[in-house]
Amino acid sequence: FMGACIDKFWDNKEGGFFDTEEDVIGTRLKEAVDTPQPSANSVAIMNLVRLSCLSGVKGYEDYAEKALKCFSTIAGHMGIHGGYYYCAMDAFFRKSKRGIH
């Protein structure tokens, strides 16, 4: 399923995942803010981290890192609305520190 998610929603130009497969009214949104449920990007990043650990597929870790970087400039301004993004970031770095791949 993650392969289909990457194929349909991944932003090849800037990284991260779009919220829709196609343009809606001429645009495709891409958010990391939890309003009120976790954002699609935060969930995707967490899933990529988990899949990387479980499968050993380095590509999943690479996508997770690119998605985290995509939102890194706004992460400090999300406050409590970025809770799941911060959890995904924590999982990514804790995995790296523990040597889990």
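Which residue has its charged end over the ring of Tyr 63, and how far is that end from the ring centre?

Tutor: Lys 66 does: its charged end is placed over the Tyr 63 ring, 5.7 Å from the centre. A charge sits over a ring here if NZ of Lys or CZ of Arg is within 6 Å of the ring centre and within 35 degrees of the ring normal. The model is predicted, so local features need pLDDT of at least 70 and side-chain atom pairs count only at pLDDT 80 or more, while totals for chains, interfaces and linings use all residues. Residues are numbered from 1 along each chain as its sequence is written, and side-chain values use heavy atoms, with hydrogens and water left out.

Tyr 63 belongs to one aromatic cluster together with Trp 10 and Phe 17. There are five aromatic pairs in the structure. Two rings of Phe, Tyr or Trp (its six-membered ring) pair if their centres lie within 6.5 Å; planes under 30 degrees apart are stacked, over 60 edge-to-face, and the rest tilted. Trp 10 and Phe 17 have ring centres 4.9 Å apart and planes at 75 degrees, so they form an edge-to-face pair. Trp 10 is buried, at 9% relative accessible area, and Phe 17 is buried too, at 2%. Buried means under 20% relative accessible area, exposed over 50%, and partly exposed in between (1.4 Å probe, protein chains only).

Phe 71 and Tyr 85 make another edge-to-face pair, because their ring centres are 6.4 Å apart and their planes stand at 80 degrees. Phe 71 is in the loop between helix H3 (58–70) and helix H4 (72–78), and Tyr 85 is in helix H5 (residues 83–98), so this pair ties together parts 14 residues apart in sequence. Helices (H or I, at least four residues) and strands (E, at least two) are DSSP runs, numbered from the N terminus. Phe 71 and Tyr 85 are both buried.

Asn 41 touches residues from both pairs: its contacts include Phe 17 and Phe 71, besides Gly 16, Asp 19, Lys 30 and Glu 31, leaving aside residues up to four places away in sequence. Contact means heavy atoms within 4.5 Å. Asn 41 lies in helix H2 (residues 40–55) and is buried, with 0% relative accessibility.

Lys 69, for its part, is in helix H3 and is exposed, at 54% relative accessibility. The C-alpha atoms of Lys 69 and Gly 15 are 8.0 Å apart, although the two residues are 54 apart in sequence.

The backbone has two further points to check. Most residues other than glycine have a negative phi, and most peptide bonds are trans. Ile 25, not a glycine, has a positive phi of about 55 degrees; this residue is in the loop between H1 and H2 and is exposed, at 86% relative accessibility. The peptide bond from Thr 35 to Pro 36 is cis, with omega near -20 degrees, and Pro 36 is in the loop between helix H1 (2–9) and H2.
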